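The entries follow in the order in which I made them.

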Amino acid sequence: MLTYYSDDHHLHHGSCELMDGQLVPCFEKPQRAEHVLARVKERQLGAIHGPSDFGRAPLLRIHSAAYLDFFEGAWARWQAEQGQGDLLPYTWPARTLSERLPSSLHGQLGYYSFDAGAPITAGTWQAAYSAAQVALSAQAAIAGGAHSAFALCRPPGHHAAGELMGGYCYLNNAAIAAQAFLDQGRTKVAILDVDYHHGNGTQSIFYARNDVLFTSIHGDPVAEFPFFLGYADELGEGSGAGYNLNLPLAAGSGWDVWGAALETACQRIAAYGAEVIVVSLGVDTFKNDPISQFKLDSPDYLRMGQRIAALGLPTLFVMEGGYAVAEIGINAVNVLEGFQNA
Ligand code: Q9C
Ligand code: ZN
C-alpha cells in the first residue's frame, strides 16, 4: 500500500491543552506521526511519497473562503498584537448569544471554533494545508487505479466543520478527499469513521446529502467529547435523511462490542452501494490510549482492516486520532496490513 506523508506536520506543535482544570502538554504532538511513519517503514508497507499541491480549490469545496482566510492569517494578526504563546479561543457563540462575526482576532477565533482544543501556532496553517494535500494525493492515487492508499495526515481533521476548528482539527482531510472523489465523477462515497471520538465535523458537512454516507463508531457523546453530536438518532436531514449512521458505544467496549458495530457499519456501506470508502482512521480506541475509554488490543486492528477489506472497495485511509504514542504506529499499520493481507 502506498503511503503519503509530509514533514510539514512538524510545523504544528501546540504547547498545552486544558484537562481536568490543568494545563497539560498537548496530546496531539509531532511524535504521533513519527511513530506511524517509522512503523510503515519497519513493516515495509510500501513506497512513501510526498504530496502534490492541488491548491486551495479542493479545500474550498468543504471550507468557506472566509474560514480559510481567517485561519491562514490568524497567526500574523496574533503577532501584530504582540501575542505571547499559542493563539487559543476563549469565548464562543453558545445559546442565547448572537452569531455575528466580530472584528477582533479573539472574537473571530471564537466564531470559527467550537472548543479550545485547536491551538494556532506559527506553522499550523502550513501543517494543516499540507495534511489536506497529503489526503488529496492519496485520493488521486486511488482515482488513478490504486486499490488502497494511506494518507498519514497530521493534524487530524474529522472534528473540523465547514467553518469550525476544534478537537485538534482545522481542515477536514477526509471530507476534502471524499468531495474530490465526487468532483471527479464518482457518485457514492462512504465514510467509515473508526476514531474513538465522533467525527462531528464530517457528519455536519455531509448531513443533508446522500452522495456521501457517513458512518461512525465512537464513544457515546452522552459521556464523551464532542458531547454535542454523535447520537444514534441523528439520521441525516433533507435528501441526506437515512445517510448518517452513528453507532455510539459505552466506555469499556472491547472488540466483541466494537467488532459487532463494525459489522453493522459495513453492512450499511454495502447496502448503500458505495463505489469507494474513506476511512477516518483514528486508533484512540486502543486500551492504553491516555484520553479514551475503549479496550481494543493491537491484534484487533488486524481484524478491523480485514473486515474493511471484505467490502472489496477502493479504500482511502486517512489518519485521525490516537495518543498512546508508542503503540499508535503498530495499531494504525495493523489496520493497513490486515486490509492488505485479507
Ligand atoms: N483535554 C481526535 O482524536 N479532548 N481529537 C479534550 C480535554 C479532545 C480528539 C479533553 C479530544 C479531541 C482527532
Ligand atoms: Zn479521536
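**Entry 1: the zinc site**

I began with the metal in this predicted model. The zinc ion (ligand 2) is coordinated by Asp195 (OD), Asp195 (OD), His197 (ND1) and Asp284 (OD), at 1.9 to 2.8 Å. I then looked up the spacing of these donor residues in sequence and noted it as D-x1-H-x86-D. Asp195 lies in the loop between strand 6 and helix 7 (200–206), and Asp284 in the loop between strand 9 and helix 9, so the pair ties together parts that are 89 residues apart in sequence.

**Entry 2: helix 8**

I turned to helix 8 (residues 255–272) and checked its span. At 1.5 Å a residue, its 18 residues should span 26 Å, and the end C-alpha atoms are 25 Å apart, which agrees.

Which residues of helix 8 are buried? I listed Trp258, Gly259, Ala261, Leu262, Ala265, Cys266, Ile269 and Tyr272. Seen down the axis of helix 8, these buried residues fall within an arc of 155°, so they line one face of the helix.

I then looked up what covers the buried residues of helix 8. The cover includes strand 6 (189–193), strand 7 (212–219), strand 8 (244–249), strand 9 (276–281) and helix 9 (298–309). After helix 8 comes Gly273, and I recorded its phi as positive, near 80°.

**Entry 3: helix 3**

Helix 3 (residues 65–80) was my last look-up. This helix has 16 residues and reaches 22 Å from its first C-alpha to its last, close to the 22 Å expected at 1.5 Å a residue. I also noted a kink of about 45° in helix 3, centred on Ala74.

Ala74 is one of the buried residues of helix 3, and I listed it with Tyr67, Leu68, Phe70, Phe71 and Trp78. What covers the buried residues of helix 3? I found that the cover includes helix 2 (57–60), helix 4 (105–111) and helix 5 (124–143). Helix 3 is followed by Gln82, for which I recorded a positive phi, near 60°.

Definitions and conventions:
Residues numbered from 1 in each chain as written. Chains lettered and ligands numbered in written order. Predicted model: local features only at pLDDT ≥ 70, side-chain atom pairs only at ≥ 80, totals over all residues. Heavy atoms only, no water. Helix = DSSP H or I, 4+ residues; strand = E, 2+ residues; numbered from the N terminus. Expected span 1.5 Å × (residues − 1). Buried < 20%, exposed > 50% of the residue type's maximum accessible area, 1.4 Å probe, protein only. Arc of directions from axis to C-beta. Contact = heavy atoms within 4.5 Å. Bend = angle between axes of the 7 residues up to and from the residue. Donors = N, O, S within 2.8 Å, 3.2 Å for Na, K, Ca; no water.
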